Amino acid sequence: MRVFVTGATGLVGAHTALELLNHGHQVRLLVRNRDAAQHYFLQRGFDDIEYVVGDMLDAERVEAGLSGCDGVIHAAAAVDLNAKNAAQTQHNNLNGMRSVIDAAVTLGIPNIIYVSSLSVLFHPNAQINENTTLTTSENAYTKSKSLCETYVRDLQARGEPVTIVYPSSVYSPQDPKLAESNSALTRFVKSIVPITSSGMQFVDARDLARAKRLLLEKPNAEDMTDERYMVGGQFVQWREFADLLENAHGSKLTRLPVPGPVFRFLGLSFDLARKLVPIEYPISRESMAFVTQFPVADSSKIVNEVDLAFRPPQETFKDTLDYFKQNGTLN
């Protein structure tokens, strides 16, 4: 199968391409920097790759790249949590998604996977699955992904062959750049791990890539609205999260016990302060709700339907922190 992949110089897209290549598929990658992408994949032994240099908003370039493909995985997204850039984030993600998915549908490509986000299903302290109602959010990134989600669900309702996957926070080694999630992981190690209510829901990028490859290879359901899959990975309480990081890093970490209500009050205070002065630090009412009230994601559907098992959390953290020690991000 020849598969068109967007976002291949990011953590999720890169592991997606590696998974496909390792299982005999051909890939055509939409990238903005061919040299960086080529260097990354050559280091890992892959030189037989087609590159399309362009942006997901470049509809003509995207359509040309899709020609002759049997599958599509749209993993690219603008991750910008700055409220000042909300309109731009919304424009980039919605129109970039439409550029890729609409062209794939028009060309009649039979296997299309759209990478959504667990954040669009977030409801405090309640287990969530593929049937959970969409959340309402003013967060720039979450709102943009919710708009994309609504659009893609409409395509599914029309019977178009689009599958949706919902990953949680994604950690993994072999990161082409320092992804926001991996950056947060290194900050925990370097500074403070909060010990509060709820916990951390995360998936290894290698497991997420395997899930997408297996979904791409399986026949679609007769009712495409059933082609939605939670890929939540593991859920650990914050204290367990700190223990796992300590074991993986090999040294004690600084822990800060803070009650959930205090964090949420802090987030609300930052939101109010932003109305008076610009504050770019990523603390808000919504982000603190994520930290202190994150629900457990039920990934049983995909585990039962395809040959997928999530690797132990310790393996993910050990591999990821070792990788960042080797490249100098951590000492």
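**Entry 1: helix H9**

I looked up helix H9, residues 260–274, whose 15 residues reach 21 Å from first C-alpha to last, close to the 21 Å expected at 1.5 Å a residue (1.5 Å times one less than the number of residues). The model is predicted: local features need pLDDT of at least 70 and side-chain atom pairs pLDDT 80 or more, while totals for chains, interfaces and linings use all residues. Residues are numbered from 1 along each chain as its sequence is written, and side-chain values use heavy atoms, without hydrogens and water.

I found Gly260, Phe263 and Gly267 of H9 buried (buried means under 20% relative accessible area, exposed over 50%, partly exposed in between, with a 1.4 Å probe and protein chains only). Seen down the axis of H9, the buried residues fall within an arc of 70°, so they line one face of the helix. On the face turned away from that side, I noted the exposed residues Pro261 and Phe265. The cover over the buried residues includes strand E8 (192–195) and helix H10 (285–293).

**Entry 2: H8 against H12**

I then examined H8 (residues 238–249) and H12 (residues 313–326), which pack at about 50° with axes 8 Å apart. The contact (heavy atoms within 4.5 Å) includes Phe241 and Leu244 of H8 and Phe317 and Leu321 of H12.

**Entry 3: Thr142**

I located Thr142 in helix H5, residues 140–157. Thr142 is buried, at 2% relative accessible area. Beyond neighbours within four places in sequence, I listed its contacts as Ser119, Val120, Thr135, Ser137, Glu286 and Phe290.

Technical notes. Helix = DSSP H or I, 4+ residues; strand = E, 2+ residues; numbered from the N terminus. Arc of directions from axis to C-beta. Axes fitted to C-alpha atoms, helices over the stretch in contact; angles between N-to-C directions.
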